[in-house]
Amino acid sequence: MSEEKDSLKSGVIRKVERIVCDCVNKVFCNQDPVYPSTIYEGRTNIILTGRIARGAVFAVLHNRFGISYGNIAKHSKISSRNIIRSVKTYKSIPDSDNAVMMIKELIEVELKKFPIL
């Protein structure tokens, strides 16, 4: 049963990663693209699109789907402390930033299509 639950979480994580990366790439179409396979790469000097995508993925997984920071840390191989910091940074971006506001709206639209588990 636990293995089935872990695979379900993994499927949710992968779907959210894809949705967020697609939304970030739509808004920042002329800048460095971000992909689910590369979203967790790098420790310092992370490109803007990568920072926004990471924060969005972590925030959606935790706040919307209730996946713990510990489980997200296992999947991403990033410490829980850094995940929390990334979520705080993402949430603190002003709503007056048009690009981030568009990303948040696109993510919400895509998540409404997401089947409730």
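Glutamate 110 counts as partly exposed in this predicted model, at 24% relative accessibility. Its salt-bridge partner is lysine 113, with the closest N and O atoms 3.2 Å apart. Lysine 113 counts as exposed, at 58% relative accessibility. Both residues sit in helix H5, 3 residues apart, which means about one helical turn separates them.

That pair is one of 3 salt bridges found in a search of the whole structure. Let me go through the others.

Next, arginine 18 and aspartate 22. Their side chains meet in a salt bridge at 3.2 Å, N to O. These two belong to helix H1, residues 2–27, and because they are 4 residues apart, they are separated by about one helical turn. On accessibility, arginine 18 is partly exposed at 39%, and aspartate 22 is partly exposed at 35%.

Then there is arginine 64 with glutamate 108. Here the closest N and O atoms are 2.8 Å apart.

Two packed helices are described by the angle between their axes and the distance between the axes. Helix H3 covers residues 69–76 and helix H4 covers residues 80–92; they pack at an angle of about 105°, and their axes are 9 Å apart. How is H3 oriented relative to H4? With that angle, H3 is roughly perpendicular to H4, because 65 to 115 degrees is the range for that label. On the H3 side, the contact is made by Tyr69, Gly70, Ile72, Ala73 and Ser76. On the H4 side, the residues are Ser80, Ile83, Ile84 and Val87. By type, the residues of this contact divide into 6 nonpolar, 3 polar and no charged.

Is serine 76 buried or exposed? Its relative accessible area is 5%, and the cut-off for buried is under 20%, so serine 76 counts as buried. What does serine 76 touch, leaving aside its neighbours within four places in sequence? The contacts are Tyr40, Phe58 and Ile83. Ile83 is also among the H4 residues that make the contact with H3.

Notes
Residues numbered from 1 in each chain as written. Predicted model: local features only at pLDDT ≥ 70, side-chain atom pairs only at ≥ 80, totals over all residues. Heavy atoms only, no water. Axes fitted to C-alpha atoms, helices over the stretch in contact; angles between N-to-C directions. Parallel < 35°, antiparallel > 145°, perpendicular 65-115°, else oblique. Contact = heavy atoms within 4.5 Å. Nonpolar A, V, L, I, M, F, W, Y, C, P; charged D, E, K, R; others polar. Buried < 20%, exposed > 50% of the residue type's maximum accessible area, 1.4 Å probe, protein only. Salt bridge = Lys/Arg side-chain N within 4 Å of Asp/Glu carboxyl O.
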